[in-house]
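Biologist: Before I rely on any label attached to this model, I would like each one traced back to its value and its cut-off. Could we go through them in turn?

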Amino acid sequence: MARTSTERIEMDNGNRQNSNVPNTQNKIGCYYLFTFKLPKTYCSSSFLLKIFRVLSKDIPTDILVQVGAAEFPLHKFMLLAKSNHIRRLVIESEEPDLRRINLSNIPGGAEIFEKAAKFCYGMDVEITVNNVAALHCAAEYLEMTDQYCDGNLASRTYAFLTQVALTSLSGAITVLRSCQQLLPIAEQLNIVHQCIQVASAEACNEANSPSCSPSNWWAEELSMVHITFFQRIIDLMKSRGTKALAIAGAITTYAKRSFPNHSVNGIKSPVSGDSSRIKQRDLLESIVALFPVESQQAVFSINFLCYLLRTAIMLENNDNCKKQLEKRISAILDQVTVDDLLLLSYTFDGERLCDMESISRIVTGFVGKEKNLSVFNYGDYKEAPSPAMIRVAKTIDVYLSKIAMATELSIPKFTGIANLVPKNARDVDDDLYHAIDIYLQLHPNLDEIEREKVCNPVDPLKLSVEARTHASQNKRLPLQIVLHTLYYDELQARSDIDGRNTPGAQSMRLQVHADAALAKENETLRSELLRMKTYISNIEKKQVGVPSPKLKKLKKPTFFSTMSKTLGKLNPFKLGSKDTSNISDEVDHNKPRRRRFSMS
């Protein structure tokens, strides 16, 4: 039978005159023994708590609560009055007098349990946006609810959460960040869902009509949460109809915060260890998966896309992730700068080139897009390149002059990038010639054929007067290019003189250009013949010393073959229509032979 409060107080003061009353230590034990059997009306009363709070300073503790490495010596009565979870542990324990319990699984750890214990003792507990989620989870874990005791900790934390913390974006983000260490109980108690709902709604309002400066402060707030929470917020913002440009701004801010050392001028890679590399790889793929659907308006800057692509190359992300970034870069390649392309080309230490395949795919994609656009607009792609194509050609030529300084850059990679740009996209080839000159200067051990391959992309006809003058005196160039340059200079000089002194200057200039085009065509044929000659020579070298199978198959002349040839010389139709005796075997040397003119 449960004792009344008057009976318990009389026991403590020793007023009962019973020889069976235990000593002081046993009284305390007996006091707590009946406490957990009190009805709910006594639990909700603060009278006993106030009395025991005064007396607890002099009463020894009778239970030790362990939370991780921390231990808390406490009084059973104070804990049982507020926590139904601890009450059940005491009731269900097989020990008659439970002295030790373990609460290491409590959300928030020892720090949060200490605050919950203070609340059990009636002390003031400070509830803030930083600890309200942990306190609420701990209160639910300890079953400190109003169903057990009125005005308990769970109701107070929930009231603070809904009425204070979740009334602003900053408060919702702070609570959401604290929930990362409280999973899965924070998800089960619906705290995460409430925070995400408030954060997405407030972010949408700020994106549509900013209330303070800077206007993207809300994106900075969102960038501080975990990627799983960020994904859910962005998905909700998309469903609420937020503009793609605002979504892209939030994603850009989040990516730059997630990869702080992957800056444009970064020197050192932040990745160290396989586990860290895998985490960052997954993070980058999650960020790319959040990109809005592509539209005619570019929502990401090309610098940011190159920044992410370089990170993907360094982290060795899958091909799907890299191709998505390459496709978006190709769509706006006319906005690219040389620094953006160099960002993709070099390692983080800036000492060696990365794989050039990404650059090739990006330029190829842009050229294909321009070609399709020209055909769609009923134009001829080969006649007049677009202004975007001309800008890209200029940027690629300057980019080639930068990477030409890399000694590990091979000839096929160098010329491959140069040949991706259509010939008609360059008004002049001065920048391309400058890149070739740098490459030849830093690769002095190339032979004549290799130097010709390096110079193959440049067109001497498109060089300016200054560039042709420099080329005619450049000893690094192959002889073929120097002769071409001198020949075109002479043709240009003839054109200028005829244009000043004769009335038929226009026709003369046309003739000069026609001669130059013919010379260029002849040079192409000469190169092709030289290639075929080299090919045949290689085949002959391989067959040296190998007996020809035709020689083995030669047969000696037989009697029948000799008679056949003799009878074939006889002509029985000397007077007929097939008489061939009047045909002379002599050759008329007066008529010139028809010759096929060769380039040599």
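What follows is a conversation in which each label is set against its definition.

Modeller: Let me start with the ground rules: this is a predicted model, in which local features need pLDDT of at least 70 and side-chain atom pairs count only at pLDDT 80 or more, while totals for chains, interfaces and linings use all residues. Residues are numbered from 1 along each chain as its sequence is written, and side-chain values use heavy atoms, with hydrogens and water left out.

Biologist: How many helices and strands does the chain have, and what makes a run count as one?

Modeller: The chain has 29 helices and 3 strands; these are DSSP runs numbered from the N terminus, where a helix is H or I with at least four residues and a strand is E with at least two.

Biologist: Why is Asn 474 called buried?

Modeller: Buried means under 20% relative accessible area, exposed means over 50%, and partly exposed lies in between (1.4 Å probe, protein chains only). The relative accessibility of Asn 474 is 7%, and therefore this residue counts as buried. Asn 474 lies in the loop between H25 and helix H26 (479-501). By the same cut-offs, 40% of the 600 residues of the chain count as buried.

Biologist: What makes the link between Asn 474 and Tyr 433 a polar contact?

Modeller: A polar contact is a pair of N or O atoms within 3.5 Å; within protein, one must be able to donate a hydrogen and the other to accept it, and residues adjacent in sequence count only if both atoms are side-chain atoms. The side chains of Asn 474 and Tyr 433 are joined by such a contact at 3.2 Å. With contact taken as heavy atoms within 4.5 Å, and leaving aside neighbours within four places in sequence, Asn 474 is in contact with Tyr 433, Asp 437 and Val 482.

Biologist: Which class does Thr 242 fall into, and what does its side chain reach?

Modeller: Thr 242 has a relative accessible area of 11%, so it is buried. This residue lies in the loop between helix H14 (227-239) and helix H15 (244-258), and its side chain reaches the backbone oxygen of Met 237 at 2.9 Å. Not counting residues up to four places away in sequence, Thr 242 touches Cys 204, Ala 207, Met 237 and Ile 247.

Biologist: How do you know that the buried residues of H25 are on the same side?

Modeller: In helix H25 (residues 465-472), Ala 467, Arg 468 and Ala 471 are buried. They cover an arc of only 100 degrees around the axis, which puts them on the same side of H25; the arc is that of the directions from the helix axis to the C-beta atoms. On the other side of H25, Val 465 and Glu 466 are exposed.

Biologist: Why is H8 described as mostly covered?

Modeller: Of the 10 residues of H8, 8 are buried, including Val 132, Leu 135, His 136 and Cys 137. The elements covering the buried residues of H8 include helix H7 (109-120), H9, H10, H11 and H12.

Biologist: What is noted about phi in Glu 143, and is this residue buried or partly exposed?

Modeller: Phi of Glu 143 is near 60 degrees, a positive value in a residue other than glycine. Most residues other than glycine have a negative phi, and most peptide bonds are trans. Glu 143 lies in the loop between helix H8 (132-141) and helix H9 (153-163), and with 22% relative accessibility it counts as partly exposed. Asn 190 also has a positive phi, of about 70 degrees, although it is not a glycine; its relative accessible area is 36%, so Asn 190 is partly exposed.
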